[in-house]
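Biologist: Could you walk me through this structure? I'd like to hear about the helix packing and then about the pocket.

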Amino acid sequence: MGGVAMEEMPLSALFEEARKIHLAASESRADQDVVRKGCAMLQKCEDMVGKLGLFSSNETKEDISTNNLKYLLVPFYLAELTEKIKQEDRIPIVKASYAKLKEFFSFCEAMELVPEEELEASSRGGSAPPADRRALKIARFKRQKAAEAKLLEIKERKERRGRSKRAAALSTPVESGEEDIPDDDSEEERDAWLATINLAICKAIDLLEMLKREEEMLSAIKEKQLKDGEDVFSRDALDDRTKKAETWHRDAAARVQYSRPAQPITWRASVSQGHEHKHQPLIFGPASIVNGSLSTERERMIAQVFQPSHRMPTMSIEDAGLTEMNIMNDWQEQTKKAIEEATTSWHNDRPLRRKEEDEEDDDEDEEAVMKARAFDDWKDDNPRGAGNKKLTPCG
C-alpha cells in the first residue's frame, strides 16, 4: 500500500490496518519495514483524529460515542510500535515512545478512565514504600487479568451468536444455551473497547517504568563513553576496515603462488654458514591494518580481535634446525673428548698407580721396622719389674 493509497483511506479503515500490524508485531517479531509502515499509519490516524476534533478536554468516557472509543488507543499503539524500531542510537526511540505513553495516560486521566490508586501513585512518583508498590502492582495485575477475561468472554459470546445465526439460517437444531441470545452488538462493542482501553492502561504504566529505567541506563552509558573519550566507531569505518582486511589477505594469498620457496635444510649444511632469516610472527585481523599505530586503548583492544589463542613461534623452522645442529655437534665433540680422555688415562696411568702403590707399601714396612726397633730399645732400658722396688722384701 503506497503513500497515495494511505492518504485516500478513511480513518476507520486506516485504524484497522494499523491495528492488525500492531497485533502482528506484538505476537511475533515483525519486519522493520512493516513496523515503520504501522507507525506511519498511526501518525496519519493521529492527525486525522485531531483535524476531525473527535475528543474534547471537557468530555468524559460517557460522552464519547462507541464508534470513537477505539481512537483513544492510537497513541498507545504508536508508542508500542515505536519502541520496537531498531536503530543504533536507542535513546531517541525510547524518548519518543515514552512521550506517546505519557500522552495516552494523560488523555485517559482526563476521560476518567484511570483508577484512583494509579493517579495517587503517579502523583507521588517513586517515593512510595515497597509494600505499597507491591500492592499496587498486584491490583494492576488483577485488573489486567479481569480485562483479558472480559475480552475473552465477549469474543466467545460473539462466536456463539454467529453459530446461532448460521444454524437458524440453515434451519438446523441449535445447541442449548444459544436459543435466546439477545442482539446487543453496540453494548458489547462498547464494553469490548472499554476493556481494551483498561488493558492498555495497565500495560502502559508498566511500559512507562521500563522505558524510564532503560533511558537512565542508556544515558549513563553514553556519559561514561564521552567521559572516557571512547567514541563509538561508525558503521562505515568498521566496514571500510573489514574491506581492507579482506583485500590484504586476498593479495597475500595471491603472492604466495609466485613467491620463491625456502631452500631445504640438509644435515650436510655447515653450521658456520650465515643465516639472515628473521621470522616475524603472523598477525591476524585488524592488527594487520593498524600496523602497530595504536594510539588509544580501544584501538589496542580492537587489534587483538581474531588473534590466535596459542602463542606464536619466536623462530622459523630453519632457525630451529640450525640450533638443533649446533647442539648436536657440541654434544658429539664433548662425547668424543670424554672418550679420548678416558681411554688415554686408562692406559697411561696404570704403571704410575702401581709404582705409587709399591712406594706406599715400602713406606709402611719401613715404619713398622723402626717402631719395632724402638720398642726393643725401650725394653732393654726398662727391664721387667724395675719400677716396683718398694714392694720387694729387700727393697
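Modeller: Let me begin with a term we will need: a crossing is left-handed if the near helix is turned anticlockwise from the far one by less than a right angle, and right-handed if clockwise. Please also keep in mind that this is a predicted model.

Biologist: OK, so which way does α5 cross α6, left-handed or right-handed?

Modeller: The crossing of α5 with α6 is left-handed. Their axes come within 8 Å and cross at roughly 165°, with helix α6 covering residues 91–110. Angles over 145 degrees count as roughly antiparallel, and α5 and α6 are therefore roughly antiparallel to each other.

Biologist: Which residues of α5 and α6 meet there?

Modeller: From α5 there are P75, F76, L78, A79, T82 and E83, and they meet I93, A96, S97, K100, L101, E103 and F104 of α6. Sorted by class, this contact of α5 with α6 has eight nonpolar, two polar and three charged residues.

Biologist: And α2 with α3, at what angle do their axes cross?

Modeller: The axes of α2 and helix α3, which spans residues 32–52, cross at roughly 145° and come within 9 Å. The crossing of α2 and α3 is left-handed. On the α2 side the contact is made by L11, L14, F15, E17, A18 and I21, while the α3 side includes V34, M41, L42, M48 and L52 among others. By class, the contact of α2 with α3 has twelve nonpolar, one polar and three charged residues.

Biologist: What about α2 against α5, how far apart are the axes?

Modeller: The axes of α2 and α5 are 10 Å apart, and the two helices pack at an angle of about 40°, which makes α2 oblique to α5. Here, too, α2 passes α5 in a left-handed crossing. F15, R19, H22, A25 and S26 of α2 meet V74, Y77, E80 and L81 of α5, and by class this contact has five nonpolar, two polar and two charged residues.

Biologist: Switching to pockets, how much space lies in the largest one?

Modeller: The largest pocket holds about 930 Å³ of space. Its lining consists of 26 residues, and those nearest the pocket centre are R19, L23, L151, T196 and L199. The elements giving two or more residues to that lining are α2 (11–27), α5 (74–83), α8 (130–170) and α9 (185–228).

Biologist: Which of these gives the largest share of the lining?

Modeller: That is α9, with nine residues.

Biologist: And how does the lining of the largest pocket split by class, into how many nonpolar, polar and charged residues?

Modeller: The lining of the largest pocket has 13 nonpolar, three polar and ten charged residues.

Conventions. Residues are numbered from 1 along each chain as its sequence is written. This is a predicted model: local features need pLDDT of at least 70, side-chain atom pairs count only at pLDDT 80 or more; totals for chains, interfaces and linings use all residues. Side-chain values use heavy atoms; hydrogens and water are left out. On a 1 Å grid over the protein atoms alone, a cavity is a set of points where a 1.4 Å probe fits but cannot get out, and a pocket is an open set with protein on both sides within 12 Å along at least five of seven lines; lining residues have an atom within 4 Å of a point. Grid points are joined across faces, edges and corners, and a volume is the space filled by probe spheres set on the points. Helices (H or I, at least four residues) and strands (E, at least two) are DSSP runs, numbered from the N terminus. Ala, Val, Leu, Ile, Met, Phe, Trp, Tyr, Cys and Pro count as nonpolar, Asp, Glu, Lys and Arg as charged, and the others, Gly among them, as polar. Axes are lines fitted to C-alpha atoms, for helices over the stretch in contact, and angles run from 0 to 180 degrees between N-to-C directions. Angles under 35 degrees count as roughly parallel, over 145 as roughly antiparallel, 65 to 115 as roughly perpendicular and the rest as oblique. Contact means heavy atoms within 4.5 Å.
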